[in-house]
Each structure stands twice: as structure tokens, then as C-alpha cells.
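Please consult the sequence and the structure shown below while reading.

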Amino acid sequence: MKICVDRGKCQDHGQCIIAAPDIFRFDEDGTLQYEPHVDESLREAAEEASDVCPEQAITIVDE
Ligand code: SF4
């Protein structure tokens, strides 16, 4: 599946990193980085991250 983060909405809060640290992280500048293509085994974590994002910036797309 594919992960999309709307950079126009993302405010680098980091809740997604707590929910899904295997997908999301901050770089050394404090900017969100993430894996755009992730294994199906991480779907639950990805959906949790999407749910907790206060900006509704995370979209999960089936490939
Ligand atoms: S929780 Fe949402 S707004 Fe915050 S860093 Fe993650 S994607 Fe961006």
C-alpha cells in the first residue's frame, strides 16, 4: 500500500511517529519523513497514524 502525506496540511506534530514508528520519523531538521510504499503488515499502524493525525494529512492508498 502507499502512504501519502499532504505537506500543505502537515504541521510536523509527530503523532504519526508515535503511532507508526516503522513508517514515520523526523529528520535532523525536525521535518517529517516517511516510507511511501509499505508492506501490508503495517496497515494497522498506518491506519492508526492516519486516525491520530490532527491535520488529517495522511492518506492510505491501496496499490
Ligand atoms: S501527525 Fe499528521 S500533522 Fe503531525 S507530523 Fe504526522 S502527518 Fe504531519
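Which residues are linked in a network of salt bridges? In this predicted model, the linked residues are Glu40, Arg43, Glu47 and Asp62.

## The salt-bridge network

The structure contains 3 salt bridges. Side chains of opposite charge can pair when their charged atoms come close. One of the pairs joins arginine 43 to glutamate 40, with 2.4 Å between the closest N and O atoms. Arginine 43 is partly exposed, because its relative accessibility is 21%. Glutamate 40 has a relative accessibility of 45% and therefore also counts as partly exposed.

Arginine 43 also forms a salt bridge with glutamate 47, in which the closest N and O atoms are 3.7 Å apart. Both arginine 43 and glutamate 47 belong to helix H2, which covers residues 43–52. Their separation of 4 residues corresponds to about one turn of the helix. Glutamate 47 is partly exposed, with a relative accessible area of 37%.

Aspartate 62 pairs with arginine 43 as well, the closest N and O atoms of this salt bridge being 2.4 Å apart. Aspartate 62 lies in the segment after strand E4 (58–61), whereas arginine 43 is in helix H2, so this pair ties together parts that are 19 residues apart in sequence. With a relative accessibility of 55%, aspartate 62 counts as exposed.

## A buried aspartate without a salt bridge

Aspartate 27 is located in the loop between strand E2 (24–26) and strand E3 (32–34). This residue is buried, yet it has no salt bridge. The nearest side chain of opposite charge belongs to arginine 25, at 6.1 Å; the pair does not qualify because the cut-off for a salt bridge is 4 Å. What the side chain of aspartate 27 does make is a polar contact with the side chain of glutamine 33, at 3.0 Å.

How many disulfides does the structure hold? The count is 0. A disulfide is a covalent bond between the sulfur atoms of two cysteines. For cysteine 4, the closest cysteine sulfur is that of cysteine 53, and the distance of 13 Å is too far for a bond. Cysteine 4 is partly exposed, with a relative accessibility of 25%, whereas cysteine 53 is buried at 12%.

When neighbours within four places in sequence are left aside, cysteine 10 is in contact with Val5, Leu32 and Ala57. The C-alpha atoms of cysteine 10 and valine 61 are separated by 18 Å, and these two residues are 51 residues apart along the chain.

Strand E1 has a covered face, comprising Ile3 and Val5, and an uncovered face, comprising Lys2 and Cys4.

Which way do E1 and E4 run relative to each other, parallel or antiparallel? The two strands run antiparallel and are joined by 4 bridges. Within this arrangement, cysteine 4 stands opposite threonine 59 in E4.

Aspartate 12 has a phi near 55 degrees, a positive value in a residue other than glycine. Aspartate 12 lies in the loop between E1 and H1. With a relative accessible area of 31%, aspartate 12 is partly exposed.

Glutamine 56 likewise is not a glycine and has a positive phi, of about 50 degrees. The location of glutamine 56 is the loop between H2 and E4. Glutamine 56 counts as exposed, at 53% relative accessibility.

Conventions: Residues numbered from 1 in each chain as written. Predicted model: local features only at pLDDT ≥ 70, side-chain atom pairs only at ≥ 80, totals over all residues. Heavy atoms only, no water. Buried < 20%, exposed > 50% of the residue type's maximum accessible area, 1.4 Å probe, protein only. Disulfide = S-S within 2.5 Å. Contact = heavy atoms within 4.5 Å. Lys, Arg positive; Asp, Glu negative; His and termini not counted. Polar contact = N/O pair within 3.5 Å; in protein donor to acceptor, adjacent residues only side chain to side chain. Pairing = 2+ DSSP bridges.
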